[in-house]
Amino acid sequence: MVIYVDELLFLNALITWLLLLCARGFLHLSPGKGRLLLGSLCGGITSLTALLPPLAAWEQIGVQLLSALLIGWAAFGGLGKRGFLRGTACFLLGSFLLAGALLFFSRFVTGQPMLLRGGVFYTPFSMAELIALCALCYAVLTALDWIRGRRVPVEELCRVTILGDGGPVQVTARLDTGCRFFDPFTGVPVLVCERRKIAPLLPAAFGSPRTRRLPFSALSGAGSLPVYRPQGVRVQRGRETWEIGDCLIAVYAGELGEGDFQALLGPSFLENGVRQKAG
């Protein structure tokens, strides 16, 4: 069997790119495009293991696992230990699903078997057919993810400017449709923000026993967060801007999650503001 190294590198890098995009979208992770590109390049390079001499079964598993860890580290290593493990696990799951889809097409559509050599499957598809099938699988997964409401649009990240005596502070906020945090007494919406980002704006007496706290409930558990009232908040999302005058800021001591955001707000937060659209 003749193997063209250039096709091997290109095809596996492209498939790795699609699988990493699926993992990023499904888990709502935010690795940079450079990281995803690095991961796809690692996927192409590690495909050269197909040229190794025949290996024992445990050696094949070890090589494949190390390859997956290298790809996961390249793509998700900048998101912390938890983000790396989750991203790599989702990448592996996507690889298994894609392999199953290719096996199905090979057996029931083409009627030609897939060959196994050195722990690597060789499909009976041409390069163009394989790329089209991978793109189709990616499109199906993307559609299912969107239908289930799991997909996060690009516009979910918005720029938030918080006004106060310490000067305006800008943070990146995630617009979460599942966030319905508000003051149960007044109905005023609440923006959750990491303390490290808004420390200059906090009142002098913030954190004292007299500081008001609001209860919350999340998948990770229930609790309460200290809140304060800012002078104003401006939310910019795409070409639209909202000016929110009456709101509260809930201060979270740690990190809100994985990704490039330091604040969390729900759609109801924007409903309380004055909407403006750029011309």
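**From a buried cysteine to a ring pair**

Modeller: Let's start with Cys193, which is buried, its relative accessible area being 0% ("buried" means under 20% relative accessible area, "exposed" over 50% and "partly exposed" in between, with a 1.4 Å probe and protein chains only). Keep in mind that this is a predicted model, where local features need pLDDT of at least 70 and side-chain atom pairs count only at pLDDT 80 or more, while totals for chains, interfaces and linings use all residues. Residues are numbered from 1 along each chain as its sequence is written, and side-chain values use heavy atoms, leaving out hydrogens and water.

How confident is the predictor? The protein chain has a mean pLDDT of 79, with 80% of its residues at 70 or more (pLDDT is the predictor's confidence in each residue, from 0 to 100).

Now for your rings. (Rings of Phe, Tyr and Trp, the last by its six-membered ring, pair if their centres lie within 6.5 Å; planes under 30 degrees apart are stacked, over 60 edge-to-face, and the rest tilted.) Phe206 sits in the loop between helix H6 (195–198) and strand E6 (213–218), and Tyr228 is in strand E7 (residues 221–228), so the pair ties together parts that are 22 residues apart in sequence. (Helices, H or I with at least four residues, and strands, E with at least two, are DSSP runs numbered from the N terminus.) Phe206 counts as buried because its relative accessibility is 12%, and Tyr228 is buried too, at 7%.

What else is buried? Arg174, in strand E4 (residues 169–175), counts as buried at 15% relative accessibility. Its C-alpha is 9.9 Å from that of Val192, though Arg174 and Val192 are 18 residues apart in sequence. Across the 279 residues of the protein chain, 39% count as buried.

One more ring is worth a stop: Trp73. Arg35 lies over its face, 5.6 Å from the ring centre (the rule asks for NZ of Lys or CZ of Arg within 6 Å of the centre and within 35 degrees of the ring normal). Leu85 is twelve residues from Trp73 in sequence and 8.7 Å away, C-alpha to C-alpha. Leu85 belongs to helix H4 (residues 80–110) and is partly exposed, at 47% relative accessibility.

Stepping back, the protein chain has seven helices and twelve strands. Of its contacts with a separation of 6 or more, 66% join residues 24 or more positions apart.

Conventions. Contact means heavy atoms within 4.5 Å.
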